[in-house]
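Trainee: Hi! Could you walk me through this structure? I'd like to start with the pockets.

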Amino acid sequence: MQKNRVRFKSWNVLFSALLILALFVTGCGGSGSTGSSGSTANSKNESATKDESGGDAAKPGEKVTIEFWAQKFEETTDAWFKKWVAEFNKSQSDVEVKLTIVPGDAWDQKMKAAQAAGKAPDVRTINYGNVANAAKTGQIHALNDLMDAKAFDDLYDNMKDFVSVNGKYYAYPKLVEPSAVLFYRKDMFKEAGLDPEKAPTTWDELLDAAQKLTKKGVFGLSIAQTAADLGWSSWGLQYNAAGHLAVTDDWSKADVNNDAYKSLLHFYQKAYQSGVMPKQALAGYTDIKPFGEGKIAMQICGSWAIGQLRNTYKDILDKVGVAPMASIDGDQTKPTATLGGWSLAIDGKSKYPQQAADFISYLVAGDPNIMIDFFKTSQFSKFSPRKSVDEAMKSDPEASQDAWRALISEKVIPYSQAEPVYPWDISFALATAIESAMKGTAVDKALEKADKDINDFITKSKLAGTNPKE
């Protein structure tokens, strides 16, 4: 009996020692994320079944698989994604990212099906206009506690709002593309008696130059002229003329039946009715082809046109001028463009949000050279939301010598605004009014209809007070 007591006491001492040792080891364990360094961290408590973000914690030695869906873009962009996903996978042994390129016309259906089945990808591309609503409905995960705060400090101030809602970041931006840039033919300017080094800066100057440039076989100006294109390409000019968009900030009523919007519609109407534009568009707004073929002397298009010009119309590059879109009064610190583009977000139900965030940190928030590689593949037709990337470009021989990149980076992007997050129906109602005015409807009448249509939609959809950014 005495021997049993001795054994029991000895076992108690040994058990207590082991328990203290276990507690000490647990308390000194490593902390999780390495932020923007790109290496993947284990869970803060590897014995737990959930990490601090609500996802499943990786078990010791377990390799985590992250599903990443990217919408299909240009071939060069697809190749860039494949290259750097492979580089990330080679850079460490804890996480494997599996990339799926999804065609744009199949994206919505495929994503909805995956979400319904509980199989949504951990990481996905998302455009800025969808971030706020996806955050509000819990479709995407807040990033503040998953990524280094320095990554968000690196964003330009006017771009932080693109991916944040109520003080939290829900996506990390990859690129921005101004929706409106003025491309003009310097040789045609010279032939028309215009200064090829001085682009128009006011709407009146733009229309006057267009008149002088219009001749047999060449139209002086091309700008959006159908509601489908006007719905989004006019956002920057709405800001320019009115200082706001088509509804009040709380989405309670339309804000278009006023003198500022009348000026906007008169501009489009005059451009179309004066004969400086083709009566039927020679191509969609996003396509610089008519300009590249010499059928248009001045074309308003997005920055993406730079890539098309450099890839397809190399023989005219020395004759092309690039400038900010003209402003209503010549003040080119007023917005003339909105910034579209893409970001990366984590699914709200991802099992491994920390590992997903580490991948985002590596790809778009880490080494500036990774993103410089992307901007080179795009022929500098897309632009960085990060200060450190732009700073690094100053030391890159190719990027630092690109005059078009510098001009848009310095004179367009800093003054551009985010795209609206309200439903497309509102943009389309205003765009229908612009197209109607262009084709002869009185401006007052066109705006009255837009005002009514927008207010009817707000009422029907119970939209008032639902702005996720408010």
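Trainee: How do the residues lining the second largest pocket divide into nonpolar, polar and charged?

Mentor: Bear in mind that this is a predicted model. The lining of the second largest pocket has 11 nonpolar, seven polar and five charged residues.

Trainee: And what volume does the second largest pocket have?

Mentor: About 500 Å³. Its lining has 23 residues, and Tyr239, Leu245, Asp249, Pro420 and Asn467 are the closest to the centre. Helix 4 and strand 13 (417-418) are the elements that give two or more residues to this lining.

Trainee: OK, what about the largest pocket, what's its volume?

Mentor: The largest pocket comes to about 710 Å³. It is lined by 28 residues, with Asn127, Gly340, Gly341, Trp342 and Glu419 nearest its centre. Helix 4 (128-136) and helix 19 each give two or more residues to that lining.

Trainee: Which helix gives the most there?

Mentor: Helix 4, with four residues. By type, the lining of the largest pocket holds 13 nonpolar, 10 polar and five charged residues.

Trainee: Switching topic: how many residues are in the largest nonpolar core?

Mentor: There are 142, and Phe68, Phe183, Leu221, Met298 and Leu363 have the most contacts inside that core. Helix 19 (residues 424-438) supplies the largest share, eight residues.

Trainee: Which residues does Leu363 touch?

Mentor: Leaving out residues up to four places away in sequence, Leu363 touches Phe68, Trp80, Phe81, Trp84, Leu344, Ile370 and Met371.

Conventions: Residues are numbered from 1 along each chain as its sequence is written. This is a predicted model: local features need pLDDT of at least 70, side-chain atom pairs count only at pLDDT 80 or more; totals for chains, interfaces and linings use all residues. Side-chain values use heavy atoms; hydrogens and water are left out. A nonpolar core is a set of buried Ala, Val, Leu, Ile, Met, Phe, Trp, Tyr and Cys residues joined through side-chain atoms within 4.5 Å. Buried means under 20% relative accessible area, exposed over 50%, partly exposed in between (1.4 Å probe, protein chains only). Contact means heavy atoms within 4.5 Å. On a 1 Å grid over the protein atoms alone, a cavity is a set of points where a 1.4 Å probe fits but cannot get out, and a pocket is an open set with protein on both sides within 12 Å along at least five of seven lines; lining residues have an atom within 4 Å of a point. Grid points are joined across faces, edges and corners, and a volume is the space filled by probe spheres set on the points. Ala, Val, Leu, Ile, Met, Phe, Trp, Tyr, Cys and Pro count as nonpolar, Asp, Glu, Lys and Arg as charged, and the others, Gly among them, as polar.
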